[in-house]
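Biologist: Hi! Could you walk me through how two of the helices pack together here?
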Amino acid sequence: AFSLAFSPVLLFIFVVQYLGWGRWLTWPRLLLLCLIPTLTQFFAWTNLFDLWWRDGITSGPWFWVHATYAFILIFVAMILMLLRLLRATEQRWQLL
């Protein structure tokens, strides 16, 4: 099953493709983008070394690594879309 951990990566890939910068998405870069979500999914399934949950309730350190990574990707994707919106002229309202 596909994980929710990959959602920020998919959003970022969508925005990059939408803006016409798809050539930037090479296989090595895609693998790097998917590294943290893959490890996140592994740690969430196994809770190896208590990296995801400390005592079943408290978030472990890897939770915060993933949360930070996810927020950064979402923030960058939204900034890229906002910059595109501000640079648009006659098509501005079509982007909304």
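Biologist: Which hand does the crossing of α2 and α3 have?
Modeller: The crossing of α2 and α3 is left-handed, meaning that the near helix is turned anticlockwise from the far one by less than a right angle. Helices here are DSSP runs of H or I with at least four residues, numbered from the N terminus. Mind that this is a predicted model, where local features need pLDDT of at least 70, side-chain atom pairs count only at pLDDT 80 or more, and totals for chains, interfaces and linings use all residues. Residues are numbered from 1 along each chain as its sequence is written, and side-chain values use heavy atoms, with hydrogens and water left out.

Biologist: Which residues of α2 and α3 make the contact?
Modeller: From α2 there are L32, L33, I36, P37, L39, T40 and F43, and from α3 there are W62, H66, Y69 and L73. Contact means heavy atoms within 4.5 Å.

Biologist: Let's switch to T40. Is T40 buried or exposed?
Modeller: T40 counts as buried because its relative accessibility is 3%, and buried means under 20% relative accessible area with a 1.4 Å probe, protein chains only.

Biologist: And which side chains does the T40 side chain make polar contacts with?
Modeller: One is the side chain of W62, at 2.8 Å. Another is the side chain of H66, at 3.4 Å. A polar contact is a pair of N or O atoms within 3.5 Å, where one must be able to donate a hydrogen and the other to accept it.

Biologist: How far apart are T40 and R54?
Modeller: They are 14 residues apart in sequence and 15 Å apart in space, C-alpha to C-alpha.

Note on methods: Buried < 20%, exposed > 50% of the residue type's maximum accessible area, 1.4 Å probe, protein only.
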